Amino acid sequence: MIDTIYIEKEIKKHPRTLEILSKFRNVRTIAIDRYGEVFNRKNQNFRIQKKNPCLILAKKHKGFVLPAPEGFGIGSSKNYYFSHMYNCIYDCSYCFLQGMYSSANFVLFVNYEDFVLEIKKLISKKENITFFSGYDCDSLALEKITGFASYILPIFKEYSNCILELRTKSNQIKPLDKIEPIKNCVIAFSLMPDKISLALDKKAPTIKRRIATIKKLSALGWKIGLRFDPLIFGDSWKDQYQDLHENIFNVINISSIHSISYGPLRFPIAMYKKINSMYQNEKLFVGPFEQNQSEVLYKQEIEEEMTEYCKNLSLNFAPESLIFNCKSN
Ligand code: SF4
């Protein structure tokens, strides 16, 4: 899949760079000074590049851990996110990464240790914190190459007052099938009705496969997050979300669920315009939307009805204490 790897000169001998390179055969490597010279190049076309993305191995220098957007959380008093990677092997039509970056190449920051130093500085304040991974990428989809989850999960074992969420659509369960479940680590799956997912979650595992993965992980003892995010409006959405909830809750023991959250579909205005221009015939971008000062979003009554309806579906199976609204505004 990857035929070209750009490598920052500064990390060309980093043990993790060497380990990652050892996983590829017949790959072209190109030395660069900083990842931005490739990633932020002008006149790139995200959609064309998405067909054959390159990997860029880089060192992150700052901004390792950032505060999560207001309204984003699953019960902790503080919420942060971090991204060891930019971009994703999947190709969801609504993905905000295509509106945010001009390049579809994957950037992987190999200095994981520096992420952990920053995480530990925040943890030492003894606050109740959730750290979200999977904001600018999928946390597990490229695990066979990155080994990031294998590295970061055991670190959280020592900090039971904190939660690590790995957000994913992947059915890749390594290293989770090889290590003891960690109570404060949540494997969170993005979910939407099967029919909608087939149309929008391109290249990602089907909902059926995601549910099968949830079943496996919960049987292994991992805590599961159910992320109905984004909620997608359309014909017969009520029936579709009802089927989805039933299909999930029929296979998972409620004691395995860490949290359930609902997130409406919203785009910053400039991002909406950019993504919409890439998908001229995509029904999703027709709405019915409205625009406020900063965002394009479903009409308020639709957003509220969908959230309430779906929350009530969950309440048939789970206590209210597990259910959260996750609005990133
Ligand atoms: S899985 Fe998430 S990060 Fe990957 S393309 Fe889909 S929305 Fe984007």
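Visitor: In which strand is the place of Thr4?

Guide: Thr4 has its place in strand 1, which covers residues 4-8, and, as a caution at the start, this is a predicted model.

Visitor: Why is Thr4 called buried?

Guide: The relative accessible area of Thr4 is 2%, and the word buried is used for values under 20%, so Thr4 counts as buried.

Visitor: What makes the link between the side chains of Thr4 and Asp3 a polar contact?

Guide: The two side chains are joined at 3.0 Å, and a polar contact asks for a pair of N or O atoms within 3.5 Å, so the pair of Thr4 and Asp3 falls inside the limit. Apart from neighbours within four places in sequence, Thr4 is also in contact with Val27, Arg28, Ile30, Cys54 and Leu55.

Visitor: How do you know whether Ser261 is buried or exposed?

Guide: Ser261, which lies in strand 14 (residues 257-264), has a relative accessibility of 0%; since buried means under 20%, Ser261 counts as buried.

Visitor: Why are helix 10 and helix 12 called roughly parallel to each other?

Guide: Helix 10 (residues 237-249) packs against helix 12 at an angle of about 30°, with the axes 10 Å apart; angles under 35 degrees count as roughly parallel, and therefore the two helices are given that name. Their crossing is right-handed, and the residues that make the contact include Trp237, Tyr241 and Phe249 of helix 10, and Met306, Tyr309 and Leu313 of helix 12.

Visitor: What makes strand 15 and strand 16 the edge strands of their sheet?

Guide: The sheet is open and has 3 strands in the order 15-17-16, with antiparallel pairing, and strand 15 (266-268) and strand 16 (289-291) are its edge strands, as each of them pairs on one side only. On average, neighbouring strands of this sheet are turned by 20° against each other, direction ignored.

How values were computed
Residues numbered from 1 in each chain as written. Predicted model: local features only at pLDDT ≥ 70, side-chain atom pairs only at ≥ 80, totals over all residues. Heavy atoms only, no water. Pairing = 2+ DSSP bridges. Helix = DSSP H or I, 4+ residues; strand = E, 2+ residues; numbered from the N terminus. Axes fitted to C-alpha atoms, helices over the stretch in contact; angles between N-to-C directions. Buried < 20%, exposed > 50% of the residue type's maximum accessible area, 1.4 Å probe, protein only. Parallel < 35°, antiparallel > 145°, perpendicular 65-115°, else oblique. Left-handed = near helix turned anticlockwise from the far one by under 90°. Contact = heavy atoms within 4.5 Å. Polar contact = N/O pair within 3.5 Å; in protein donor to acceptor, adjacent residues only side chain to side chain.
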